[in-house]
Amino acid sequence: MGQQSDARHELGNQIGIALANIEGMIDGLVSPTASRLEAVADALREARRLLQASEPIP
Amino acid sequence: MREKKRIVVVEDEPDIAEIVREYLERDGFSVEVAGTVTGALDALQRGAPDALLLDITLPDGSGLDVLRAAALPEARVPTIMLTARADEADRIIGLELGADDYVTKPFSPREVLARVRSLLRRTGETAAATAGKPTRKTRIAELEIDHDFHELSIAGKTASLTATEFKILALLAENPGEVFTRSHLLDRLGDDGAIYERTLDRHINNLRKKIEKDPRNPEYVLTVYGTGYKMRRS
């Protein structure tokens with residue numbers, strides 16, 4: 001796998017983590033504890049970092 | 001009451017796997033999570049699950065290796081792939097390793113649950129609907145379709161179909177000559193929009209490879225150009 005597809009894969013993972021947690025909270029399957037919310041924020045921060053580090057779109 | 005249906009979830013991101021587990025368990029399934037190819041093969045060895053959710057990119061290899069094991073004829077497991085790319089999923093369905101459907105990543109756990117329900121409805125419908133009823137078989141030329149046991153034989157030889165392929169064949173064969181549009185077929189498959197039209201074409205192609213002498217020039221599953229598909233009349 002190339003560097004770019006690695007980053008893409010990782011970006012997908014982080015978005016997946018955020019989405020699964022939030023949906024789980026809405027549906028009452030995940031408790032909205034501070035640490036869970038922090039995990040969502042972490043995932044979004046990591047996604048942001050990956051976006052900022054990726055090559056600009058030509 | 002029958003036992004809970006068992007689902008093996010192969011996903012290497014533990015947070016996501018655990019949330020998917022919560023959704024499936026709340027829906028009454030028994031769930032086993034594996035994060036690696038090795039773990040997945042172990043889980044399959046303990047017995048064929050009712051369904052498999054399979055990530056294609058795993059830390060110790062490819063989900064394709066798991067798919068090959070899950071697609072063994074004696075243990076064909078209804079499978080939904082979890083993949084980052086729709087074209088990759090189409091290619092894998094084209095490889096005829098037994099995958100029935102896919103969900104693209106990053107996915108929503110609600111969507112995954114909907115797909116699992118839809119797949120199990122497709123695979124379980126025939127068995128449940130026909131339990132205790134007289135044997136129902138459809139014969140068309142050299143094909144003999146056993147609706148109760150989900151079996152197909154071609155000129156007396158048993159052929160192995162995926163659950164989705166069987167459902168398509170059974171539906172067409174029960175209504176020979178009747179034209180099914182793609183959307184009508186998807187509808188009748190009891191689907192919630194989980195199979196896309198392009199994926200349906202893949203399943204049709206795979207089905208033809210298994211039942212037609214010359215898949216490019218089919219005798220059974222006929223294309224009605226611009227409309228859809230139909231089964232030849234006897």
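Start by selecting chain B, where buried residues make up 38% of the 234 residues. Here a residue is buried if 20 or more other C-beta atoms lie within 10 Å of its own, exposed if 12 or fewer, and partly exposed in between, with C-beta atoms placed from the backbone. You are looking at a predicted model, in which local features need pLDDT of at least 70, side-chain atom pairs count only at pLDDT 80 or more, and totals for chains, interfaces and linings use all residues. Residues are numbered from 1 along each chain as its sequence is written, while chains are lettered from A and ligands numbered from 1 in the order in which they are written.

Switch to cartoon view: chain B has 8 helices and 14 strands. These are DSSP runs numbered from the N terminus, with helices being H or I of at least four residues and strands E of at least two. Among chain B contacts between residues at least 6 apart in sequence, 59% join residues at least 24 apart; a contact needs C-beta atoms, placed from the backbone, within 7 Å.

Next, select K105(B) and P106(B), which are joined by a cis peptide bond with omega about -5°. P106(B) sits in the loop between β7 (99-104) and α5 (109-130).

Now move along to A141(B), in the loop between β8 (137-140) and β9 (143-146). Its phi is positive, near 45°, and A141(B) is exposed, with 11 other C-beta atoms within 10 Å.

Your last stop is A155(B), in the loop between β10 (151-154) and β11 (157-159). A155(B) is not a glycine, yet has a positive phi of about 50°; with 9 C-beta neighbours inside 10 Å, A155(B) is exposed. For context, most residues other than glycine have a negative phi, and most peptide bonds are trans.

Terms used: Contact = placed C-beta atoms within 7 Å.
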